Amino acid sequence: MDMTGQERISAPRDVVWTALNDPDILMQCIPRCESLQWVSESELTARVKVKVGLISAGFTIAITLSNVRGPESYTISAEGKGGLAGFGKGSANVVLEEDGRETILHYEAGAEIGGRIAQIGSRLIGSAAGKLAQQFFADFNAAVSQ
């Protein structure tokens with residue numbers, strides 16, 4: 001599953017960059033995120049509840065940041081395990097473009113899933129991922145534009 005897009009954020013690039021690296025802000029914006037914390041300078045761990053179709057599971061996710069060029073861009077890689085529900089792994093390249101007092105966040109993401117959650121079907125998974133991304137960006141925009 002691949003996703004590309006861009007989102008206009010109503011805040012300057014340095015504010016957006018700081019927020020993208022702040023676990024407290026991200027935890028408010030990531031749907032059903034139960035915990036998110038730094039474990040090193042480039043690694044975070046998260047606990048997220050996921051519900052797709054009839055399957056609901058908690059995922060423990062290891063996140064790594066690489067190719068960091070603050071406040072311009074980075075690559076986010078994640079690998080999540082949800083027990084019997086399955087697994088997911090993926091990465092996203094994120095680029096922040098200044099546009100006056102706003103920021104355009106460009107992303108290219110790819111993900112792979114396996115286990116019971118993969119049996120639901122790619123259309124349902126893609127739809128759920130799109131809705132989660134839409135909710136994240138709406139909440140993130142609200143959080144950083146205050």
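## Cysteines

At 12% relative accessibility, Cys33 counts as buried, the term for residues under 20% relative accessible area, with exposed meaning over 50% and partly exposed in between (1.4 Å probe, protein chains only). Cys29 is likewise classed as buried, at 1% relative accessibility. The structure holds zero disulfides, a disulfide being a pair of cysteine sulfur atoms within 2.5 Å. Cys29 takes part in no disulfide, and the nearest cysteine sulfur, that of Cys33, is 9.9 Å away. In general, a disulfide is a covalent bond between the sulfur atoms of two cysteines.

## Basis of the model

This is a predicted model, in which local features need pLDDT of at least 70, side-chain atom pairs count only at pLDDT 80 or more, and totals for chains, interfaces and linings use all residues. Residues are numbered from 1 along each chain as its sequence is written, and side-chain values use heavy atoms, with hydrogens and water left out.

## Overall architecture

The protein contains three helices and seven strands; helices (H or I, at least four residues) and strands (E, at least two) are DSSP runs, numbered from the N terminus. Their order from the N terminus is β-α-α-β-β-β-β-β-β-α. The radius of gyration is 15 Å, close to the 15 Å that the globule rule gives for 146 residues, so the protein is as compact as a globular protein of that length. This radius is taken over C-alpha atoms, and the globule rule is 2.2 Å times the number of residues to the power 0.38.

Along the principal axes, the C-alpha atoms fill a box of roughly 45 × 30 × 25 Å. Buried residues account for 34% of the 146 residues. Of the contacts (heavy atoms within 4.5 Å) between residues at least 6 apart in sequence, 48% join residues at least 24 apart. The accessible surface comes to about 8400 Å², and 50% of it belongs to carbon and sulfur atoms; such areas come from the Shrake-Rupley method with a 1.4 Å probe, and for residues only the protein chains shown count as cover.

## The sheet

Seven strands form an open, antiparallel sheet in the order β1-β7-β6-β5-β4-β3-β2; two strands pair if DSSP finds at least two bridges between them. At the edges stand β1 (2-9) and β2 (33-38), each pairing on one side only. Neighbouring strands are turned by 20 degrees against each other on average, direction ignored.

Eight bridges join β1 to β7 in the antiparallel sense, with Arg8 opposite Ile104 in β7. Strand β6 (residues 87-99) is antiparallel to β5 (residues 73-81), to which nine bridges join it; Ser73 has Val95 of β6 as its bridge partner. The hairpin of β5 and β6 has five residues between the strands, and Gly83 takes a positive phi near 60 degrees there. Strands β6 and β7 (residues 102-114) pair antiparallel over 13 bridges, and Asp99 stands opposite Glu102 in β7. Two residues lie between β6 and β7 in their hairpin, where Gly100 in the turn has a positive phi of about 65 degrees.

## Helix α1 and Arg13

Arg13 lies in helix α1 (residues 13-20) and, at 16% relative accessibility, counts as buried. Leaving aside neighbours within four places in sequence, Arg13 is in contact with Pro71, Glu72, Leu96, Glu98 and Thr103.

Notes:
Axes fitted to C-alpha atoms, helices over the stretch in contact; angles between N-to-C directions.
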